[in-house]
Amino acid sequence: MIPLRAFIFSLLVLLHVAAGAAAADLTLTLTNLTNGTYFTPLLVSAHDADTDLFEPGTTASDALVAMAEGGNINGLIALVGDEDADTIANPADGLLAPGDSVTFSMTTVSDRPLLSLAAMLLPTNDGFVGLDSLTLPTTAGSYHYDLLAYDAGSEAND
């Protein structure tokens, strides 16, 4: 996978951590910053260090290729252990259009301190937006991240 050097997606994380609690409530706002590229259904997941949706610079998994080439997130959902309070599939309820945002909530637990997300870029043959294993902040507050686009490397670019 090759990162494309353009910030195309903005992630705003509002984190509320209860004192002494093992869980954190997140409110996430995802914004498509492109001028003509749609995102297929997104997968957003909090996970442990043994789980990766993808790893930049390595060969794409079959599940990642299915998402990057056709927008199918089912393999990635299975990889992170199905949908639950800390794995949200398709929060935009379909495509996320250029300039649009989606806001949703999720709950994480202390043994899943990393956040990842992925969605296919339309129209591309195997491009995707991704966030790989961001360590979630432990202090309540508002955090902003700009994300990169990646080429899964599974199809020739023409």
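**Exercise 1.** Is phenylalanine 128 buried or exposed, and what is its relative accessible area?

*Solution.* The model is a predicted one, and the value to compare is a relative accessible area, for which anything under 20% counts as buried. Phenylalanine 128 has a relative accessible area of 0% and is therefore buried. The chain as a whole gives the background for this residue: of its 158 residues, 46% count as buried, while the chain exposes about 7300 Å², of which carbon and sulfur atoms supply 52%.

**Exercise 2.** Determine how the rings of phenylalanine 54 and phenylalanine 128 are arranged, and which parts of the chain their pair ties together.

*Solution.* Begin with the search of the whole structure, which finds three aromatic pairs. In one of them, the ring centres of phenylalanine 54 and phenylalanine 128 lie 5.2 Å apart with the planes at 80°, and because an angle over 60 degrees counts as edge-to-face, the pair falls into that class. Finally, ring pairs link Phe54 and Phe128 with Tyr150 into a cluster.

**Exercise 3.** Describe the order of helices and strands and the sequence range of the contacts.

*Solution.* The protein chain has two helices and nine strands, which follow the pattern β-β-β-β-α-α-β-β-β-β-β along the sequence. Among contacts between residues at least 6 apart in sequence, 71% join residues at least 24 apart.

Notes
Residues numbered from 1 in each chain as written. Predicted model: local features only at pLDDT ≥ 70, side-chain atom pairs only at ≥ 80, totals over all residues. Heavy atoms only, no water. Helix = DSSP H or I, 4+ residues; strand = E, 2+ residues; numbered from the N terminus. Buried < 20%, exposed > 50% of the residue type's maximum accessible area, 1.4 Å probe, protein only. Contact = heavy atoms within 4.5 Å. Areas by Shrake-Rupley, 256 points an atom, 1.4 Å probe, with all protein chains shown as cover. Phe/Tyr/Trp six-rings, centres within 6.5 Å; stacked < 30°, edge-to-face > 60°.
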